[in-house]
Amino acid sequence: MDSGHGASDNVAMTPATDPDRPRPSSLSDLFFSFTVLALQGFGGVLAVVQRELVERKRWLTQEEFIEEWAVAQIMPGPNVANLALMIGGRYFGLPGAMAALSGMLAVPLVIVVLLAVLYGHYSDNAAVAGALRGMAAVSAGLIVATGVKLASALKKHPLPLAWSLPLALLAVLFMVVLHWPLPYTLASLGGLGCVLTWRRLKP
């Protein structure tokens, strides 16, 4: 009997083990990729992260990005920093996680400090205040556009759209209208979504 193909044929390929998938080539690649990503992300980081990691570098599929981003959101700390840690750790372990996080924080930290100093001097200027309000509007538009783009991945989700869309709308209702704290919204709707998905996937 030939069992030569053994367990290796039954192991699901992941982005970190599939040789045909695009992946960061080194710790330096991770560091500079996340530095460039962070420098583009002022005010609209979600849109930039999705474009860079899914569409440009293809380190993640749309579905994988949504799953990773969901986990990053429920972890303590900034979402994008959590995502950097997860992606870096997936490919290079702890050194990769530290390289990705360093790229996300190092240069932007210096720039933010300099901008904070400038803002302290010019915050009363009407032109500066108007420019910041305009940037806020653009940032909101970027987030909405990214949400619409990511919604296409729901077609492949185990939950049918008839269930997924009401959950999404309830999340908006809880956060925007009822002003529920994020932990309550995640615990209630997130828990319900996990239970419904588990029941759909259960053999």
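This is a predicted model: local features need pLDDT of at least 70, side-chain atom pairs count only at pLDDT 80 or more; totals for chains, interfaces and linings use all residues.
**Entry 1: α2 against α4**

I recorded the crossing as left-handed, meaning that the near helix is turned anticlockwise from the far one by less than a right angle, whereas clockwise gives right-handed.

I then listed the residues in contact (heavy atoms within 4.5 Å). Val45, Val49 and Leu53 of α2 meet Val80, Leu83 and Ile87 of α4. By class, I noted six nonpolar, no polar and no charged residues; Ala, Val, Leu, Ile, Met, Phe, Trp, Tyr, Cys and Pro count as nonpolar, Asp, Glu, Lys and Arg as charged, and the others, Gly among them, as polar.

**Entry 2: α1 against α4**

For α1 and α4 I found an angle of about 45°, with the axes 7 Å apart. The two helices are therefore oblique to each other. α1 passes α4 in a right-handed crossing. The residues of this contact divide into 18 nonpolar, five polar and no charged.

**Entry 3: the nonpolar core**

I looked up the largest nonpolar core, which has 24 residues. Such a core is a set of buried Ala, Val, Leu, Ile, Met, Phe, Trp, Tyr and Cys residues joined through side-chain atoms within 4.5 Å. Buried means under 20% relative accessible area, exposed over 50% and partly exposed in between, with a 1.4 Å probe and protein chains only. Phe34, Leu37, Val49, Leu53, Phe65, Leu83 and Ile87 have the most contacts inside this core. The elements giving two or more residues to the core are α1 (27–40), α2 (45–56), α3 (62–74) and α4 (79–122). α4 gives the most, with nine residues.

**Entry 4: the whole chain**

I counted seven helices and zero strands in the protein chain, as DSSP runs (helices H or I, at least four residues; strands E, at least two) numbered from the N terminus. Buried residues make up 28% of the 203 residues.

**Entry 5: conventions**

Residues are numbered from 1 along each chain as its sequence is written, and side-chain values use heavy atoms, leaving out hydrogens and water. Local features need pLDDT of at least 70 and side-chain atom pairs count only at pLDDT 80 or more, while totals for chains, interfaces and linings use all residues.

Notes: Axes are lines fitted to C-alpha atoms, for helices over the stretch in contact, and angles run from 0 to 180 degrees between N-to-C directions. Angles under 35 degrees count as roughly parallel, over 145 as roughly antiparallel, 65 to 115 as roughly perpendicular and the rest as oblique.
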